[in-house]
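The sequence and structure are shown first.

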Amino acid sequence: MNMANTYTQIHIQTVFSVQDRYCIIQKSWKDELFQYFTGIIQNHGHKVLAINGMPDHVHILFGMRPTQSLSDLMQDIKGDSSKWINKKGFIPGRFSWQEGFGGFSYGKSQVNNAIDYIKNQEIHHHRKSFVQEYLEFLEKFEVPFDERYIFKPVDYTESD
């Protein structure tokens, strides 16, 4: 697709969770995982602005080019990274991401605040759970949702 005359400014934050919200993303390989995400996103022509997360979920903020759908990009990110994590043997058993994701758009003036928010995930989760955080995103961005499909709470103190 020729994009020579296409000008966009699209900033998206995605939020997604480990299957069944297991707290298995370890500090010892988290940075390597985030680098892997960055490679996938950049290979699709998008620009990573911030990545961080907790043992059970991840936030990624990126500048998105209109060359693919968000759903297709997320399928690549989650599918490729699951295969990579399993190949690396970071966890016993089979790793997978939970189905679905949250996707939220930001204007240019909001990007720095979103970056700061993502960088400070550990601080935020001392004050509120992922479920509270996720519900706040859905409400703030006025995204309709079905309570049956909201993530179950977990206790971060059980994880390293």
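## Lysine 108

K108 is located in the loop that joins strand 4 (102-106) to helix 3 (111-119); helices (H or I, at least four residues) and strands (E, at least two) are DSSP runs numbered from the N terminus. The model is predicted: local features require pLDDT of at least 70 and side-chain atom pairs pLDDT 80 or more, while totals for chains, interfaces and linings use all residues. Residues are numbered from 1 along each chain as its sequence is written, and side-chain values use heavy atoms, without hydrogens and water.

K108 counts as exposed because its relative accessibility is 56% (buried means under 20% relative accessible area, exposed over 50%, partly exposed in between; 1.4 Å probe, protein chains only). Leaving aside residues up to four places away in sequence, K108 touches Q9 and H11, a contact being heavy atoms within 4.5 Å.

## Salt bridges

The whole structure contains four salt bridges, each defined by a side-chain nitrogen of Lys or Arg within 4 Å of a carboxyl oxygen of Asp or Glu. One of them joins R21 and D56, at 2.3 Å from N to O. R21 lies in the loop between strand 1 (11-17) and helix 1 (27-43), and D56 in the loop between strand 2 (47-54) and strand 3 (57-63), so the pair links parts 35 residues apart in sequence. Both residues, R21 and D56, are buried.

K30 and E122 form another salt bridge, with their closest N and O atoms 3.1 Å apart. K30 belongs to helix 1 and E122 to helix 4 (residues 121-127), so this pair ties together parts 92 residues apart in sequence. K30 is buried at 14% relative accessibility, whereas E122 is partly exposed at 32%.
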